[in-house]
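The tour goes stop by stop.

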Amino acid sequence: MVPAQSLKSPTSNTRSFNNTVAQLRSNLKNGSVPAEEFPGPAARVFDQLVHEASGGSSAEEISWELRVVKGLTGNAFSLPDGAVYVDDEMVQLLGNDPGLWAAILAHEIVHVTQHHWTKRAIFQESLRDSHESWRFVQLGAFPAELTSSTPADQEHELADFSQDLELEADVGSLSLMARSGFHPDFVTALYHLMETQEGDSGAAHFLASHPRWDVRESHLRKRYSAALAEFEKLWPDPANSPGGNPPVLAFVGRPKAEFGSHHTSAEVSLPIRCENSSGGVEVVLLLRGFRAPDLPPSEQTRKIRQTIDCTSNRTSASFVLSATGPRNEADVEFYVLDSRGWVLARSSKLRVRY
Ligand SMILES: [Zn+2]
């Protein structure tokens with residue numbers, strides 16, 4: 001659906017660069033629809049962020065637009081001229097939550113306002129002066145058709161440079177969100193949500209071109225306090241901010257198992273820490289590949305649920321699995337859900353034999 005394009009460097013030929021971007025944007029019009037046509041807060045949130053990012057005036061070369069593309073499997077990306085695209089899977093995932101929308105859209109808007117395309121193109125040009133033509137390369141989660149075909153070592157340097165731009169977009173998005181009335185914790189909430197999708201859906205495509213979530217999260221922590229102070233100064237009552245109260249965040253440690261005498265039972269537990277929570281969260285223990293004597297294959301996957309209070313700084317959830325005979329085993333994995341049933345965190349897997 002997205003055509004491969006060759007773009008000349010913006011430094012050597014600005015007009016050609018702009019023309020090709022315009023062509024790309026025009027091509028992307030087919031097969032995408034304006035975000036206004038979708039129910040939900042995306043279009044409104046986009047307008048709020050753009051208004052704040054451009055200080056109320058619009059720069060001549062930027063023509064902001066948010067469109068939904070079908071079939072890019074969990075992608076979000078932007079063009080240098082202000083077109084931002086999300087795919088319909090992402091629309092499903094972010095749903096009605098303005099704060100999560102702000103987190104993903106602010107990131108893309110910062111790519112545009114900080115001219116990341118151009119910076120990346122200049123960097124790439126410096127790497128490969130000897131090559132006369134090159135492809136416009138991947139920025140963020142841009143479709144695979146547009147990835148570059150540079151030699152491996154240049155590819156590596158370019159990837160590092162791009163990841164720095166991603167971290168820069170994250171940092172910029174925190175401040176933009178705070179000024180626009182979206183609590184900075186929505187960025188962390190988005191990271192957690194995307195992380196829980198890893199390996200399960202197309203959101204993995206978005207992840208592939210970005211630094212790992214834990215890297216982004218720890219990088220962000222350094223700038224978080226400043227953004228939070230800015231938000232609290234402007235929006236003393238978060239309930240009245242455009243994004244509403246900060247989202248519940250759950251942070252999980254490694255699951256572990258302890259065994260009863262003679263291994264007739266196993267207690268599997270997960271350390272959990274919540275933020276912004278004033279009540280309970282649901283913890284789901286998922287058992288996969290569950291094997292026990294005489295168990296039919298249809299029962300090899302099980303879910304066990306419990307609600308725990310997650311208002312203290314440190315808590316844990318534990319489940320006792322009783323053996324139904326010799327040699328029981330299963331892969332266990334924990335999911336933490338909020339009151340709406342949204343996944344807040346997912347643990348690593350643990351193989352348990354008892
Ligand atoms: Zn990005």
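Two strands pair if DSSP finds at least two bridges between them. Helices (H or I, at least four residues) and strands (E, at least two) are DSSP runs, numbered from the N terminus. This is a predicted model: local features need pLDDT of at least 70, side-chain atom pairs count only at pLDDT 80 or more, and totals for chains, interfaces and linings use all residues. Residues are numbered from 1 along each chain as its sequence is written.

**Stop 1: strand E7**

Select residues 265-275, which form strand E7. Which side chains of E7 point to the buried face? They are Ala266, Val268, Leu270, Ile272 and Cys274.

Strand E6 (residues 256-259) runs antiparallel to E7, joined by four bridges. Find Lys256: opposite it in E7 stands Ser269. Five residues lie between the strands of this E6 and E7 hairpin, where His262 takes a positive phi near 60 degrees.

Strand E5 (residues 249-252) also pairs with E7, antiparallel, over four bridges. Val252 has Ile272 as its bridge partner in E7. Next, show strand E10 (residues 315-322): eight bridges join it to E7, again antiparallel. Glu267 faces Val320 in E10 across this pairing.

**Stop 2: the four-stranded sheet**

Select E1, E2, E4 and E3, in that order: these four strands form an open sheet with mixed pairing. Strand E1 (32-34) and strand E3 (76-78) are at the edges with a single partner strand each, so one side of each has no neighbour in the sheet. On average, neighbouring strands here are turned by 25 degrees against each other, direction ignored.

Zoom in on strand E2 (residues 65-69) and strand E4 (residues 83-87). They run parallel and are joined by five bridges. Glu65 has Ala83 as its bridge partner in E4.

Axes are lines fitted to C-alpha atoms, for helices over the stretch in contact, and angles run from 0 to 180 degrees between N-to-C directions.

**Stop 3: Ala43**

Pick Ala43 in helix H2 (residues 42-53). Is Ala43 buried or partly exposed? It is partly exposed, because 18 other C-beta atoms lie within 10 Å. Leaving out residues up to four places away in sequence, Ala43 touches Ala35, Glu36 and Leu66. Contact means that the C-beta atoms of two residues, placed from the backbone, lie within 7 Å. Draw a distance from Ala43 to Pro98: their C-alpha atoms are separated by 9.9 Å, though 55 residues apart along the chain.

**Stop 4: Met177**

Move to Met177 in helix H6 (residues 152-180). Met177 counts as buried because it has 32 C-beta neighbours inside 10 Å. Beyond four places in sequence, its contacts include Ala102, Ala106, Phe182 and Phe186. The C-alpha atoms of Met177 and Ala53 are 9.5 Å apart, with 124 residues of separation along the chain.

Methods: Buried ≥ 20, exposed ≤ 12 C-beta atoms within 10 Å, placed from the backbone.
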